[in-house]
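Please look over the sequence and the structure shown below, then follow the points grouped by topic.

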Amino acid sequence: AARPEAIMHPSSHKKQAALAGSVGLVLSVFIGTAAHGYAWLHGDAVQSGRMGYPNLIGWMTLVTCLLTPLVTLPCYNFANTLASTAGVVLFINLVFYCDLFGQ
């Protein structure tokens, strides 16, 4: 049994889960953009090809609109910690990135 002051209201828990999902999203977008920037600095084409910016924008759109909400919802339902929610979103988004842009 939990102490009454330790029980969170659903609305505050939902806001915290959304914040944790957003943190994971921002970190994954930063890492993906940094990886693309590294490839661009080492000679890959910026305008076209596997490491082109249109593919990066497409990945960011799919991750933001589809993948992050679908991953954050179970974390909210199962009452994961905020750090684990951010970590799960970061991990899943980067697995999708590696699947699209990996060697």
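Read from the N terminus, the elements of the protein follow the order α-α-α. The model described here is predicted. Its secondary structure amounts to 3 helices and 0 strands.

**Overall form**

- Along the principal axes, the C-alpha atoms of the protein fill a box of roughly 60 × 20 × 20 Å.
- The radius of gyration of the protein is 17 Å, whereas a compact globule of 103 residues would have one near 13 Å.
- Of the 103 residues of the protein, 27% count as buried.
- The accessible surface comes to about 6700 Å², and carbon and sulfur atoms account for 71% of that surface.
- When contacts between residues at least 6 apart in sequence are considered, 67% of them join residues at least 24 apart.

- Helix H3 covers residues 82-101, which makes 20 residues.
- From its first C-alpha to its last, H3 reaches 28 Å, close to the 28 Å expected at 1.5 Å a residue.
- The buried residues in H3 are Thr85, Ala86, Val89, Asn93, Leu94, Tyr97 and Phe101.
- Seen down the axis of H3, these buried residues fall within an arc of 150°, so they line one face of the helix.
- In general, an α-helix has 3.6 residues a turn, so residues three or four places apart point the same way.
- Phe91, Cys98 and Asp99 are exposed, and they sit on the face of H3 turned away from its buried side.
- The cover over the buried residues of H3 includes H1 and helix H2, the latter spanning 53-77.

**Serine 28 in helix H1**

- Serine 28 belongs to helix H1, which runs over residues 10-41.
- Is serine 28 buried or exposed? Serine 28 is buried, because its relative accessible area is 0%, and the cut-off for a buried residue is under 20%.
- Beyond its neighbours within four places in sequence, serine 28 is in contact with Trp59, Val63, Leu90, Asn93 and Leu94.

How values were computed:
Residues numbered from 1 in each chain as written. Predicted model: local features only at pLDDT ≥ 70, side-chain atom pairs only at ≥ 80, totals over all residues. Heavy atoms only, no water. Helix = DSSP H or I, 4+ residues; strand = E, 2+ residues; numbered from the N terminus. Buried < 20%, exposed > 50% of the residue type's maximum accessible area, 1.4 Å probe, protein only. Contact = heavy atoms within 4.5 Å. Expected span 1.5 Å × (residues − 1). Arc of directions from axis to C-beta. Rg over C-alpha atoms; globule rule 2.2 N^0.38 Å. Areas by Shrake-Rupley, 256 points an atom, 1.4 Å probe, with all protein chains shown as cover.
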